[in-house]
Amino acid sequence: MFKNLFLNSTSLIIGIFLLLFLVIPIAQVFYVSFLDVNGSFTLVNFSDFFKNQLFIESFYNSFYVAAMSVVLASVFALPLAYFTSRFNFKGSVIIQSLGFIPLIMPPFVGAVAMKLFFGTNGSVNLLLDQYFGFKIPFMEGLNGVIFVESVHYFPFILINLITSLNNIDRSMEESAQSLGSKGFGLFKRIVLPLSMPGYIAGASLVFLKVFDDLGTPLLLDINNMLAPQAYLRISSIGINDPMGYVIAVILVVTSILAVWVAKMALGGKDYSMLQKGGGGMIKRDMKPRQKITAYSVVGLILFLVLSPHIALTLLSFGTIWSFSVVPDAYTIDHYKNIIFENSIFIKNTMLYCTLAAFIDIVLAFFISYIVLRTKVKGRQLLDYIAMSALAIPGLVLGIGYLRTFYSFNNPLDGKPLASWWFMIVLILAVRRLPYALRAANAALMQISKFLEESAESLGAKKTTIFRKILVPLMTGGLLAGFITSFSTATVELSATIMLVSTEVDAPLAYGIYSYMQTAAGRGPGAALGMIGVLIVAVGTYFSQTIIDKKYKKTGEVNNG
Amino acid sequence: MGNIINIKNINVSYGKNHVLKDVNIDIKEKDFFTFLGPSGCGKTTLLRLIAGFEQSQSGELIIDGKEVSKLNPWERDVGLVFQNYALWPHMTVAKNISFGLEEKKVPKNEIDQRVDEVLELVGMQDLKQRYPFQLSGGQQQRVALARTIVVRPKVLLLDEPLSNLDAKLRNQMRIELLELHNKLQITTIFVTHDQEEANSISDNIAIFNEGVIQQVGAPIDLYNHPKNLFVANFLGTINAVKGKTSNGTFSDGHDFKIESLKADNSDNCSLLVRPQNIYFEKKNDSDQNFKGKIQSKEFLGNIIRYQVLISGQVMTIDSMHEGKEKIYSKNEDVDVFINPETSQII
């Protein structure tokens with residue numbers, strides 16, 4: 001009796017939490033987009049959207065930027081995937097580790113630094129002009145967004161494509177050869193279609209990420225795209241302007257549509273599950289000339305991928321960097337500034353992200369337990385809702401929070417709830433819950449049910465089992481989830497930007513954004529960015545080590 | 001009939017691992033030829049070498065009078081059916097089968113006709129538009145076969161094609177394979193580690209062990225006249241006694257002796273007798289009588305297998321279980337008979 005009461009009430013509490021802080025805000029956004037001034041149902045807002053030249057242009061631009069980013073990211077990813085999968089290539093390890101770079105630094109952080117590197121008067125173009133007498137408009141207008149986004153997100157395509165190529169059973173190619181097929185014909189008829197699922201999965205992810213991204217266009221001063229328009233409407237015209245909501249709805253619908261189109265394109269076939277062997281493509285040794293080409297292509301792409309990091313490092317240590325290849329001089333003043341004088345951003349981030357990650361692992365622990373170990377009604381729904389936060393653009397959730405919680409006042413200070421700093425914690429928690437949940441699920445799935453049942457048969461109560469069996473065994477997984485949630489939350493901008501009402505409450509990502517608005521603030525902004533990148537890098541490293549260790553440990557337990 | 005494949009002095013090594021050692025085999029046209037051996041013996045490597053997926057360090061490979069060692073797989077006109085079938089998951093049954101014909105630029109109407117013919121041959125005409133994942137294991141096997149034979153290769157190579165099927169289906173497919181071979185008269189090389197499968201299906205067998213061909217011959221010849229202990233053991237249970245032979249008499253150096261053998265003198269040889277060639281009653285005049293003591297008994301259904309101590313040697317004896325015969329118990333004293341004609345000295 002007690003057991004069921006406990007589980008049911010826990011499920012109910014989690015359900016209410018998700019309803020309040022995820023479902024209702026999103027529903028609000030949809031609801032408001034269909035309301036007229038008098039509060040009754042209307043489609044006028046949508047027709048207004050499509051009558052407005054700026055919005056149509058923004059829609060077109062967002063679409064264009066997302067599509068072109070996929071194209072450019074493919075240009076980066078395809079040769080790399082081909083080299084690693086087709087040839088015995090020493091650079092493979094480097095290429096595989098490139099895959100982690102987008103996890104370490106979201107594109108907006110390096111956007112301004114990239115301008116200084118690749119802009120009209122940036123390092124690369126100054127050198128090109130000096131030696132070859134021409135410039136390349138890498139960062140002009142939408143080009144800049146496309147360039148920055150694809151440099152950051154191409155590894156999504158790369159990783160998926162490499163996985164997919166490695167999953168191709170070698171006999172797929174050999175049987176075609178045995179039947180007389182060879183060269184490009186074989187590639188086109190067998191290898192390409194079999195690797196398509198991986199490519200499409202990666203490409204649609206890139207499309208979504210770019211389409212929803214707010215930070216990069218904002219920092220590059222590009223306003224005629226959907227996400228910046230939504231942000232500007234809400235932040236400058238006010239939360240009652242329906243256009244912000246309409247744009248948010250269009251963002252969500254387009255995201256869902258993109259996923260759906262990708263699914264349709266695949267026809268629901270996952271070939272990797274159907275093949276038995278794996279082993280990847282038949283590998284060949286490279287001829288000397290091929291080697292030179294391969295290494296130069298890899299070198300160039302490596303330079304591009306690392307350029308935001310290099311540029312950001314230079315910017316964070318540079319005194320003045322304008323119309324010159326590298327900064328005039330170097331200093332650590334920017335770091336001193338953000339660590340000692342304006343430490344509020346780092347302090348806030350530490351506080352918010354710790355709280356958010358803590359909320360995440362508590363929720364994740366109970367959700368995964370309820371889903372995997374109990375028969376509580378609606379348990380699958382809890383899982384789906386929690387995971388769905390992955391698909392919702394941060395900006396849309398931010399708008400939803402603003403709308404939902406603006407009309408309630410915080411009993412502590414009488415100000416609107418939406419401007420309370422704790423709401424930032426909650427939105428970060430909801431946004432990063434899927435990461436923690438994934439980690440908790442993985443951890444719980446590895447624990448044999450017999451371990452709990454044997455404790456039960458010895459008379460242990462549920463609470464004792466939680467305390468003495470599950471939590472200790474899941475510690476590694478939960479810790480990994482905590483770190484992932486924490487570190488990725490430190491560089492989250494699109495949701496929090498809507499909720500920051502005063503600089504006193506602002507976290508690090510917002511600090512980067514506001515510093516980067518002025519030329520003088522770029523140094524400290526870059527230093528903040530470096531700190532953020534460092535937190536994520538260290539966090540990723542630790543959670544990876546914890547997971548590796550844990551696998552080894554549980555492996556021993558299972559064998560023994 | 002002439003040979004369609006000549007394998008001459010083939011050597012294959014991976015680093016220090018010498019996988020095929022000086023292999024020589026000739027395969028007759030239209031033969032159903034089997035490479036038999038335990039796993040890791042090099043049989044699949046040789047098959048893949050013939051298909052063009054492995055390279056030899058030395059030796060010649062001649063198919064239909066032409067040296068093909070340097071040719072690519074797609075230039076060899078041999079068809080390989082993979083152990084895991086390797087059907088392309090993104091193509092229908094019909095597309096899988098027409099692939100090779102399209103590569104050979106066969107006219108469209110002929111492709112359709114040949115695809116239909118081969119589908120009928122393997123009894124799959126109704127499943128033409130299915131995808132591989134919608135087929136059972138046996139059906140996938142038939143499609144894999146159809147895909148290869150439709151291009152009419154000079155040689156059909158089958159890499160353990162029955163190993164992924166359950167026992168019952170395996171027997172059925174074995175019969176179908178044989179019927180197909182009889183109908184198409186296409187030279188077939190079959191790789192397996194299952195001696196029963198090899199015996200039942202093959203015209204000739206090459207037995208491999210550790211990269212070396214042990215013996216080549218028809219299944220019955222190999223069974224009755226193995227050249228060495230490995231072949232003798234691999235093809236079925238056998239009693240082997242070490243000893244020496246002089247003037248037609250084998251002796252283990254102690255009490256065990258058999259006379260009137262057709263064998264050369266040797267100081268180091270083995271006497272081989274199959275368990276079914278030792279009896280509890282005299283059948284021929286030339287049978288030689290021994291005193292024995294039953295050590296243990298195993299009931300295997302159609303036979304009863306005894307371990308019997310005969311003149312200091314423990315021998316396995318298989319006695320047909322017909323229902324009326326005498327069943328011996330442990331420690332019972334028995335008379336046993338061995339015929340020198342069904343015994344062999346190697």
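The legends below walk through several close-up views of this predicted model. Residues are numbered from 1 along each chain as its sequence is written, while chains are lettered from A and ligands numbered from 1 in the order in which they are written. Because the model is predicted, local features need pLDDT of at least 70 and side-chain atom pairs count only at pLDDT 80 or more, whereas totals for chains, interfaces and linings use all residues.

**View 1. Chain A as a whole, with 24 helices and 0 strands.** Helices (H or I, at least four residues) and strands (E, at least two) are DSSP runs, numbered from the N terminus. Along the principal axes, the C-alpha atoms of chain A fill a box of roughly 75 × 60 × 50 Å. Of the 560 residues in chain A, 48% are buried (20 or more other C-beta atoms within 10 Å of a residue's own; 12 or fewer is exposed, in between is partly exposed, with C-beta atoms placed from the backbone). Among contacts in chain A between residues at least 6 apart in sequence, 78% join residues at least 24 apart; a contact here means C-beta atoms, placed from the backbone, within 7 Å.

**View 2. Helix α23 (residues 508-515) of chain A.**

**View 3. The contact between chain A and chain B, seen around α9(A).** Chain A brings 21 residues to the contact and chain B brings 20. On the chain A side, α9 (170-178) and α10 (183-212) each supply at least two residues, and α9(A) gives the most, with 7 residues. That side of chain A divides into 8 nonpolar, 8 polar and 5 charged residues (Ala, Val, Leu, Ile, Met, Phe, Trp, Tyr, Cys and Pro count as nonpolar, Asp, Glu, Lys and Arg as charged, and the others, Gly among them, as polar). In α9(A), 8 of the 9 residues are buried, including A:Met172, A:Glu173 and A:Glu174. Their cover includes α10 of chain A together with α1 (43-51), β6 (78-81) and α2 (93-103) of chain B. After α9(A) comes A:Gly180, with a positive phi near 100°.

**View 4. The open sheet of 5 strands in chain B.** The strand order is β13-β12-β11-β14-β20, with antiparallel pairing; two strands pair if DSSP finds at least two bridges between them. β13 (257-258) and β20 (344-345) stand at the edges with a single partner strand each, so one side of each lacks a neighbour in the sheet.

**View 5. Strand β11 (residues 239-246) of chain B and its partners.** Towards β14 (residues 266-273), β11(B) makes 6 bridges in antiparallel fashion. B:Lys242 sits opposite B:Ser270, and B:Ala240 has B:Leu272 as its bridge partner. With β12 (residues 249-251), β11(B) pairs over 3 bridges, again antiparallel, and B:Ser246 faces B:Thr249 across that pairing. These two strands form a hairpin with 2 residues between them, and B:Asn247 in the turn has a positive phi of about 50°.

How values were computed. Contact = placed C-beta atoms within 7 Å.
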